[in-house]
Amino acid sequence: MSDILTIPRPDDWHLHLRDGAMLQAVLPETTRHFARAIIMPNLVPPVVTGAHAAAYRERILAAMPEGADFTPLMTLYLTEDTDPEDVAAAAASGLVTAVKLYPAGATTNSASGVRDFDKVRPVLEKMAEIGLPLCVHGEVTDPEIDIFDREAVFIERVLDPVRQATPGLKVIMEHVTTKDAVDYVTGVDAGLGATITAHHLVINRNHILVGGIHPHYYCLPVAKRELHRKALVAAAVSGDARFFMGTDSAPHLDGAKESACGCAGCFTATNAVAVVAEVFDSEGALDKLEGFLCRNGAAFYGLAVNSGSLTLTRAAPQVFPENVATADGPVTIFDPARPIHWTVSPDT
Ligand code: DOR
Ligand code: ZN
């Protein structure tokens, strides 16, 4: 393949933008490369109702950099009290694109998530009826289960039973980190997709723990051993349309990560496209890059591919800025731990 690639503007099917000063600082990092993103609802308090989502959408639009062409695709945070009719109304008006399921306590700001899956059955049935997808954070929270096994156990204890009990429900297993998840997704005929992050394509658990604790590589689901990373790379570059880009770019102030109890999240909005291009290039799979970044997710969600384009150029390894400044302090940009030869420029 050549050293220059032109692709449609991509989508990020899983993004944390936060609110206030953080939103203002990180939004341009996403709008520079992505045309749309699924916006995670785990604010404090969470985005639970259609009214909350409408207000949050307005705050995002107000924070947009000048001239940006970006559509935030809003989600609702599923709780045991979520009203199926509120979800249906928010979907019918075009306000929300998906509902997000966090098992209670699984990750950042997930305390209002679901404990008893029977309690959300009416919402899931309504979603199946109207064709609204469910985005799933796939980890059990059982303290007996080792943190490195929580995704695999979730598939068997929760994901498969929920899918069997709700035929027709479209599900996205988000930020998959294991071969178990890849195998589960590829073993299902229809109605199940998966997002893969840029960081899980390039780091394994050694990056977090060898030579000292590296808090900027800590996220949830936590990166697993190398055989799992290889399975993710194989799935991403395979061309299988069930796998698509979701950065899970999750900014936290450096002080909150470099701490005795550091927050989970890698901030990758700045370099996710370049990192993914590097991975596809090193696998000899640049011909599959456009599917992963621009087409597969849109097809799964039933949306058109974006207009406009990005040009990717292979050159000398580039150096990314160390951080993005916010009014409250810096947010470290993900270090891909390998040379990244691809630069990304929006076409005008
Ligand atoms: O690492 C993560 N950070 N994983 C999540 O699921 C949530 C996210 C966040 O909101 O910081
Ligand atoms: Zn996330």
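This is a predicted model: local features need pLDDT of at least 70, side-chain atom pairs count only at pLDDT 80 or more; totals for chains, interfaces and linings use all residues.
Residues count from 1 along each chain as its sequence is written, while chains are lettered from A and ligands numbered from 1 in written order. Local features need pLDDT of at least 70, side-chain atom pairs count only at pLDDT 80 or more, and totals for chains, interfaces and linings use all residues, with side-chain values taken from heavy atoms, leaving out hydrogens and water.

**Stop 1: ligand 1**

Select ligand 1 and the residues around it. There are 13 of them, and Arg18, Asn42, Leu220, His252 and Ala264 come nearest. A residue is near if one of its heavy atoms lies within 4 Å. By class, this shell holds four nonpolar, seven polar and two charged residues. Here Ala, Val, Leu, Ile, Met, Phe, Trp, Tyr, Cys and Pro count as nonpolar, Asp, Glu, Lys and Arg as charged, and the others, Gly among them, as polar.

Now look at the polar contacts (pairs of N or O atoms within 3.5 Å). Which ligand atom faces the backbone of leucine 220? A nitrogen atom does, 2.7 Å from a polar backbone atom. Next, find histidine 252: an N or O atom in its side chain is 2.7 Å from an oxygen atom of ligand 1. Then pick glycine 265, where a backbone N or O atom lies 3.2 Å from a ligand oxygen. Taken alone, ligand 1 exposes 290 Å², and the protein buries 100% of that (Shrake-Rupley method, 1.4 Å probe).

**Stop 2: the cavities**

Hide the ligand. The space taken by ligand 1 is the largest cavity. A molecule sits in a cavity if more than half of its atoms lie within 2 Å of the cavity's grid points. A cavity is a set of points, on a 1 Å grid over the protein atoms alone, where a 1.4 Å probe fits but cannot get out; lining residues have an atom within 4 Å of a point.

How many cavities of 30 Å³ or more does the whole structure hold? The search finds three. The largest has a volume of about 130 Å³, counted as the space filled by probe spheres set on the points. Its lining has 19 residues, with His16, Thr107, Leu220, Asp248 and Ala250 nearest its centre. They divide into six nonpolar, 10 polar and three charged.

Move to the second largest cavity, with about 60 Å³ of space. Its lining includes His216, His252, Lys257, Gly265 and Phe334.

**Stop 3: the largest pocket**

A pocket is an open set of points with protein on both sides within 12 Å along at least five of seven lines. The largest one holds about 270 Å³. Select Arg18, Asp19, Met22, Asn109 and Pro251, the nearest to its centre among 15 lining residues. The lining has eight nonpolar, four polar and three charged residues.

**Stop 4: the backbone**

Stay on arginine 18. Its phi is positive, about 60 degrees, although it is not a glycine. It is found in the loop between strand S2 (11–15) and helix H1 (20–31). Most residues other than glycine have a negative phi, and most peptide bonds are trans.

Finish with leucine 220 again. The peptide bond from leucine 220 to proline 221 is cis, with omega near -5 degrees. Proline 221 is found in the loop between helix H8 (205–209) and helix H9 (226–237). Helices (H or I, at least four residues) and strands (E, at least two) are DSSP runs, numbered from the N terminus.

Conventions:
A polar contact is a pair of N or O atoms within 3.5 Å; within protein, one must be able to donate a hydrogen and the other to accept it, and residues adjacent in sequence count only if both atoms are side-chain atoms.
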